[in-house]
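Hi there,

Here is the structure I promised to pass on to you. Have a look at it first, and then read my notes below.

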Amino acid sequence: MNILAWIILGLIAGAIAKAIYPGHQGGGILGTILLGIIGAFIGGSLGVFFSTGNFVLAAPTLSIPGILVAVLGAIVAVFLWNLLTHRSTV
């Protein structure tokens, strides 16, 4: 059941992050879910790091604060993905 919660959290967080972040990201539904799951781990790990000072790989729970943390992490993941994939025009 934990995997299903991560998929649902990933879909919600990825969709909200893609709606907030400017520009076109593409990727479809699977890309959105994957982006949200990665974002949840980024957000959860950063949340634990800023609150305790220890770096631990953690994911938030399927709750309102957990979704907010996952969305913030997904926005960071979208930003990093755009840095890696988009080439600058010189």
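**What I found**

Leu62 is found in the loop between helix H2 (28-52) and helix H3 (64-85). Keep in mind that this is a predicted model.

Let's stay with Leu62 for a moment. Is it buried, partly exposed or exposed? Leu62 has a relative accessible area of 45%, so it counts as partly exposed, since that class runs between 20% and 50%. Leu62 also belongs to a nonpolar patch on the surface, together with Leu4, Ile8, Ile12, Ile16 and Ile20. The accessible area of this patch is about 480 Å² in total.

The loop between H2 and H3 also holds Phe55. Phe55 has a relative accessibility of 63%, so it is exposed, the cut-off being over 50%. Which residues does Phe55 touch, if we leave out those up to four places away in sequence? They are Ser45 and Phe49. Ser45 and Phe55 are 10 residues apart in sequence, and their C-alpha atoms are 6.6 Å apart in space.

Now for the inside. In soluble globular proteins, nonpolar side chains tend to be buried together. In this model, the largest nonpolar core is made up of 6 residues: Leu9, Ala13, Ala40, Ile67, Ala70 and Val71. Two elements, helix H1 (2-20) and H3, each give two or more residues to this core. Which element gives the most? That is H3, with 3 residues.

Best wishes

Conventions: Residues are numbered from 1 along each chain as its sequence is written. This is a predicted model: local features need pLDDT of at least 70, side-chain atom pairs count only at pLDDT 80 or more; totals for chains, interfaces and linings use all residues. Side-chain values use heavy atoms; hydrogens and water are left out. Patches are made of residues with over 30% relative accessible area and no salt bridge: like charges are joined within 9 Å, nonpolar side chains (Val, Leu, Ile, Met, Phe, Trp, Tyr) within 5 Å. Accessible areas come from the Shrake-Rupley method with a 1.4 Å probe; for residues, only the protein chains shown count as cover. A salt bridge is a side-chain nitrogen of Lys or Arg within 4 Å of a carboxyl oxygen of Asp or Glu. Helices (H or I, at least four residues) and strands (E, at least two) are DSSP runs, numbered from the N terminus. Buried means under 20% relative accessible area, exposed over 50%, partly exposed in between (1.4 Å probe, protein chains only). Contact means heavy atoms within 4.5 Å. A nonpolar core is a set of buried Ala, Val, Leu, Ile, Met, Phe, Trp, Tyr and Cys residues joined through side-chain atoms within 4.5 Å.
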